[in-house]
Amino acid sequence: MKSATTKRVALAGALSLALVIPMAGTASAGPDDIPGTAGAATLTDTPEPERPDFYEPPEQIPSTPGTIIRTEPATFLLDPLGLSSNVVTATRVMYSSTDVDGNPIAVTGTVFVPKTKYIGASERPLISYTAGTQGMADACAPSRQMSELVEYEGIGIARTVSRGYAVAMSDYQGLGTPGSHTYMVREAQGHASLDMARAARQLTGDDVDTSNPIGLMGYSQGGGAAAAAAELAESYAPELPIKGSAIGAPPADLGKVAQNIEGGLYNAFALFATLGLAQAEHIDPGPVLNDKGEELAASVEGSCVYNLFDYAFKDSGQYTESGKKLTELLKEEPFASAVEEQRIGRLTPNAPVEINHAVADDVIPYEVGKQLGRDWCAKGARVTLNPGLTPTHVGGMVPHVEKSMYFFEKRFAGKSTANSCWRL
């Protein structure tokens with residue numbers, strides 16, 4: 001199997017793209033910008049609204065992943081009086097991470113530490129919690145949603161904190177910070193998750209440090225990010241004491257996911273992913289888009305998940321020069337290699353994993369999650385697969401959270417979890 005670096009070089013040659021990456025602060029609009037660095041432009045050169053100063057990266061980003069750049073107290077729209085501060089300490093963090101090419105980037109996120117004592121068989125666990133689909137615009141970043149609107153991941157965060165766990169949730173590359181969000185990009189999301197855990201262990205004034213056991217947890221986009229982090233941990237962050245990963249509805253095969261949602265209610269997710277992959281893999285989408293397509297792409301860059309209906313049931317063939325639908329283009333170069341690069345299941349997780357996936361998931365087919373389990377089992381991993389009976393993708397989230405709590409209690413107590421490999 002070719003390495004990721006070799007594949008990217010081959011792809012660059014095929015496209016005749018110069019992969020000379022500009023230094024931070026010297027961005028020029030296009031696929032070679034580095035999201036999460038000072039001055040980075042979006043893939044479509046769509047101007048981003050002025051962001052709070054906290055989200056502006058410094059000109060020089062620390063080269064050590066997980067280094068804290070700055071912090072500030074986190075605020076919540078639904079808690080203007082700060083009553084939650086009686087039970088939890090919430091800190092907004094900017095930290096260093098690396099993109100798919102190894103460039104230092106700045107990523108933001110939020111760390112929650114309960115003030116109640118953890119009653120369990122270990123030190124207080126730390127969960128690196130990866131968010132589900134937020135969108136592409138800076139305002140979609142989870143840390144901003146919590147302070148300016150409402151963050152649906154609050155359901156999972158509140159449940160996890162109530163168990164006495166500390167929670168560290170990344171905003172991902174380019175979400176909140178300058179440049180395009182690398183949505184669904186395996187390495188970028190995995191790095192952001194692992195480096196979020198590294199940063200959380202550096203915060204002073206709480207009881208999270210190098211002695212705390214760690215778990216990885218996420219659903220949907222977050223399920224893919226947590227799964228990628230579980231695979232990358234051994235080589236990228238071997239010092240982290242990860243005890244297990246609870247993964248919900250993982251989009252482990254983007255080609256099959258796109259085939260399922262293209263042109264439907266969740267069409268926006270396919271559009272987000274196309275732009276995210278193009279940014280990370282240095283693909284200029286301009287040549288395949290007609291004028292209407294370029295307008296659509298620019299609009300998508302400024303959208304959040306709550307704009308879902310704006311892009312639902314669109315015929316993607318009306319926005320391409322060739323008239324081909326998005327799913328057809330994703331099977332052709334340069335996109336085919338980019339999609340294949342995001343496949344999860346080719347590396348071995350560094351600790352036992354649990355996959356929670358609704359059988360009637362209408363966004364990410366259950367078979368995608370089951371195949372990920374098969375792939376990991378074939379590599380010797382311990383996998384617990386929980387088929388969910390609650391219908392739809394949205395309906396599968398709460399059961400995933402509850403099953404994750406049970407999984408983590410066993411893992412942090414040093415107990416084995418069920419192994420489903422015999423039936424996969």
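Analyst: Partly exposed means a relative accessible area between the buried range, under 20%, and the exposed range, over 50%. The structure is a predicted model.

User: Why is E402 called partly exposed?
Analyst: Its relative accessible area is 36%. That value falls between 20% and 50%, so E402 is partly exposed.

User: What makes E402 and R159 a salt bridge?
Analyst: Their side chains meet at 2.8 Å, N to O. The limit is 4 Å, so the pair qualifies. E402 sits in helix α12 and R159 in helix α3, so the bridge ties together parts 243 residues apart in sequence.

User: Are R51 and D138 buried or exposed, and how do you know?
Analyst: R51 has a relative accessible area of 9%. D138 has 4%. Each value is under 20%, so R51 and D138 are buried. These two residues also belong to a network of salt bridges with E48 and E56.

User: What makes D315 and K325 a salt bridge, and where do they lie?
Analyst: The N to O distance is 2.7 Å, inside the 4 Å limit. D315 and K325 are 10 residues apart, and each lies in the loop between α8 and α9. D315 has 31% relative accessible area. K325 has 33%. Both values fall between 20% and 50%, so both residues are partly exposed. By this rule the structure has 16 salt bridges.

User: Why is the link of C140 and C304 called a disulfide?
Analyst: Their sulfur atoms are 2.0 Å apart. The cut-off is 2.5 Å, so the pair is a disulfide. C140 is in the loop between β4 (126–130) and α2, while C304 is in the loop between α8 and α9, so the bond ties together parts 164 residues apart in sequence. Both cysteines are buried.

User: Why is the disulfide of C140 and C304 called left-handed?
Analyst: The torsion about its S-S bond is about -95°, so it is left-handed.

User: What makes C377 and C421 a disulfide?
Analyst: The sulfur atoms are 2.0 Å apart, within the 2.5 Å limit. C377 belongs to helix α11 (residues 366–378), and C421 to the segment after α12 (397–412), 44 residues away. This link is left-handed too, with -80° about the S-S bond. The structure holds 2 disulfides, and they follow the pattern 1-2, 3-4.

User: Why is C377 called buried?
Analyst: Its relative accessibility is 17%. That is under 20%, so C377 is buried.

User: How do you know that L308 is buried, and what does it touch?
Analyst: The relative accessible area of L308 is 12%, which is under 20%, so L308 is buried. It lies in the loop between α8 (291–301) and α9 (326–329). Beyond four places in sequence, its contacts are L265, Y266, A268 and F269. Y266 is 42 residues away in sequence, yet 6.7 Å away in space, C-alpha to C-alpha.

User: What stands out about the backbone at S220 and T392?
Analyst: S220 has phi near 65°, positive in a residue other than glycine. T392 has a positive phi of about 75° and is not a glycine either. S220 has 7% relative accessible area, under the 20% limit, so S220 is buried. T392 has 32%, between the limits of 20% and 50%, so T392 is partly exposed.

User: Which residues touch the most other members of the largest nonpolar core?
Analyst: F112, L194, W376 and F408 do, in a core of 108 residues. Helix α7 (residues 267–280) supplies the largest share, 10 residues.

Key: Residues are numbered from 1 along each chain as its sequence is written. This is a predicted model: local features need pLDDT of at least 70, side-chain atom pairs count only at pLDDT 80 or more; totals for chains, interfaces and linings use all residues. Side-chain values use heavy atoms; hydrogens and water are left out. Helices (H or I, at least four residues) and strands (E, at least two) are DSSP runs, numbered from the N terminus. Buried means under 20% relative accessible area, exposed over 50%, partly exposed in between (1.4 Å probe, protein chains only). Contact means heavy atoms within 4.5 Å. A nonpolar core is a set of buried Ala, Val, Leu, Ile, Met, Phe, Trp, Tyr and Cys residues joined through side-chain atoms within 4.5 Å.
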